[in-house]
Amino acid sequence: MNKAYKIREDFHWVGVIDWNLRDFHGYSTEKGSTYNAYLLKDEKVVLFDTVKSPFSEELMERISSVIAPEKIDYIVVNHVEMDHSSSLPLIIDRIKPEKIICSAKGKEALISHFKRTDWPYHVVKTGDVVNIGKRNISFLETPMLHWPDSMCSYIPEEKILISNDILGQHFATSERFDTEVDFSELMCQNKKYFANIIMPYSPLVQKLLKTITDMKLDIQMIAPDHGLIWTKHIPDALKAYYEWSSPKLEKKAVVFYDTMWRSTEKMAYSVTEGIRSQGVSVKMMKLGDDNHRSDIMTEILDAGAVVVGSSTLNNEMLPHVADMLTYMKGLKPVNRIGAALSSYGWNPGVLKKLNTELEASGVKLISEGITVKYVPEQSDIENCYNLGVKIAQELNTK
Ligand code: FEO
């Protein structure tokens, strides 16, 4: 029996908890996730977003515990990605809402996804207001945070901002509020979400935070589409988003690598020691079963330097390294310095490939990198150590 969770008078959480989700398009979701949908009862009844389609009936049950679903007048689509929209066809056919409120890009994306030109679209833009009785809903478009269609809904009478994926976390819990869970775990999941979903759009985050300040929105609650609802910790959450989206990074380095017969690992270890020797924080992370790509990205989020290492396999970098570099390239960790390490038997070409990939990610190379044949000599180990020292010194001058 799935019931709604009353957040405050007339405002209910009707989402679902996906306890067993462990992979979200390449992002490891070790804590599961939630797909949050919200129901607001006024003279008009409004549903904000829906859930992933395998959970459609659960959403309907939670709505039914508050009101007959057919009484929903408006559905607001803040974000068209399928984790929030794939229940729409079933729900719209069943409840026949008067309006589907979305951005212009939202309408375009909904038609692309579901081929339903007959739905009662009501397109809104930033500043538009829809009255629902005693309350109003105003809209704030957030294009490319993180899809073209994305927008937030604000209910001024309740001081609630429904923020789509922004400030979301993949964090399945029976609790619904930020005050009910361990704060450091919440912030870890918030950080991981930012690093793996929001990071490429950091300049837009800075712009959005300024817009929210300029609009003087009075916000008591931020209700994202994933994870916990922010109340007491709104200032912490906004400050973290400000810092993570800022080009100013910490004096911290991440060394990630994979290794065949430990040559690259010895090099990575020596670079790590060189960085550490200068008092700079460093994380050494072996790829594969030891560290997931999305956890490495979470560490890179606030690191000013990135070092990659790979052995050579059939004249190519190791598969885990190629995977990580492709993933990282999409997330654009610009403003960082970096370097590459490799080992080889008879073809030294991998170092160049690693350098190319680092540069394509927006990382500024601080050195041409180091490659060794078969097994590093003591002099190679010293060179790696000195490279670490150089990286740390560069970070210390920033
Ligand atoms: Fe939670 Fe961008 O979907």
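Predicted model: local features only at pLDDT ≥ 70, side-chain atom pairs only at ≥ 80, totals over all residues.
A residue counts as buried when its relative accessible area is under 20%, as exposed when that area is over 50%, and as partly exposed in between.

## The chain as a whole

The chain holds 12 helices and 24 strands. Its radius of gyration is 24 Å, close to the 21 Å that the globule rule gives for 398 residues, so the chain is as compact as a globular protein of that length. The C-alpha trace spans about 75 × 40 × 35 Å along its principal axes. Among the contacts in the chain with a separation of 6 or more, 72% are accounted for by residues 24 or more positions apart.

## Two pairs of packed helices

Two packed helices are described by the angle between their axes and the distance between the axes. The axes of helix α8, which covers residues 263-277, and helix α12, which covers residues 378-397, come within 7 Å and cross at roughly 40 degrees. That angle makes α8 oblique to α12, because angles of 65 to 115 degrees are needed for roughly perpendicular and angles under 35 degrees for roughly parallel. The crossing of α8 and α12 is right-handed.

On the α8 side, the residues that meet α12 are Lys266, Met267, Ser270, Val271, Glu273, Gly274, Ile275 and Ser277. Their partners in α12 are Ile381, Cys384, Tyr385, Leu387, Gly388, Val389, Ile391 and Ala392. Sorted by class, the residues of this contact of α8 with α12 are 10 nonpolar, four polar and two charged.

Helix α5 (residues 183-198) and helix α9 (residues 293-300) form another packed pair, with their axes 8 Å apart and an angle of about 100 degrees. The two helices α5 and α9 are therefore roughly perpendicular to each other. Lys191, Lys192, Ala195 and Asn196 of α5 make the contact with Ser294, Asp295, Met297 and Thr298 of α9. By class, the contact of α5 with α9 has two nonpolar, three polar and three charged residues.

Helix α5 is mostly covered, with 12 of its 16 residues buried. The buried residues of α5 include Lys191, Lys192, Ala195 and Asn196, the four that α5 brings to its contact with α9. Leu186, Met187, Tyr193 and Phe194 are also among the buried residues of α5.

## Single residues and their surroundings

| Residue | Relative accessibility | Class |
|---|---|---|
| Ser138 | 19% | buried |
| Ile111 | 25% | partly exposed |
| Gln220 | 43% | partly exposed |
| Arg262 | 46% | partly exposed |
| Lys216 | 72% | exposed |

Ser138 lies in strand β13, which covers residues 136-141. Leaving aside its neighbours within four places in sequence, Ser138 is in contact with Asp128, Val129, Cys152, Ser153 and Tyr154. Ile111 lies in helix α4, residues 104-114. With neighbours within four places in sequence again left aside, Ile111 is in contact with Arg116, Thr117 and Tyr121.

The loop between α6 (202-214) and β16 (221-223) is the place of Gln220. Beyond its neighbours within four places in sequence, Gln220 is in contact with Arg8, Glu158, Lys159, Trp230, Thr231 and Ile234. From C-alpha to C-alpha, Gln220 and Ile234 are 7.9 Å apart in space, while in sequence they are 14 residues apart.

## Backbone details

Most residues other than glycine have a negative phi, and most peptide bonds are trans. Against that background, Lys216 has a positive phi of about 55 degrees although it is not a glycine. Lys216 lies in the loop between α6 and β16, and at 72% relative accessibility Lys216 counts as exposed.

Arg262 likewise has a positive phi, near 80 degrees, in a residue other than glycine. Arg262 is found in the loop between β17 (250-258) and α8. At 46% relative accessibility, Arg262 counts as partly exposed.

The peptide bond that joins Leu145 and His146 is cis, with omega about 0 degrees. His146 is found in the loop between β13 and β14, the latter being residues 151-155.

How values were computed
Residues numbered from 1 in each chain as written. Heavy atoms only, no water. Axes fitted to C-alpha atoms, helices over the stretch in contact; angles between N-to-C directions. Parallel < 35°, antiparallel > 145°, perpendicular 65-115°, else oblique. Left-handed = near helix turned anticlockwise from the far one by under 90°. Contact = heavy atoms within 4.5 Å. Nonpolar A, V, L, I, M, F, W, Y, C, P; charged D, E, K, R; others polar. Rg over C-alpha atoms; globule rule 2.2 N^0.38 Å. Buried < 20%, exposed > 50% of the residue type's maximum accessible area, 1.4 Å probe, protein only.
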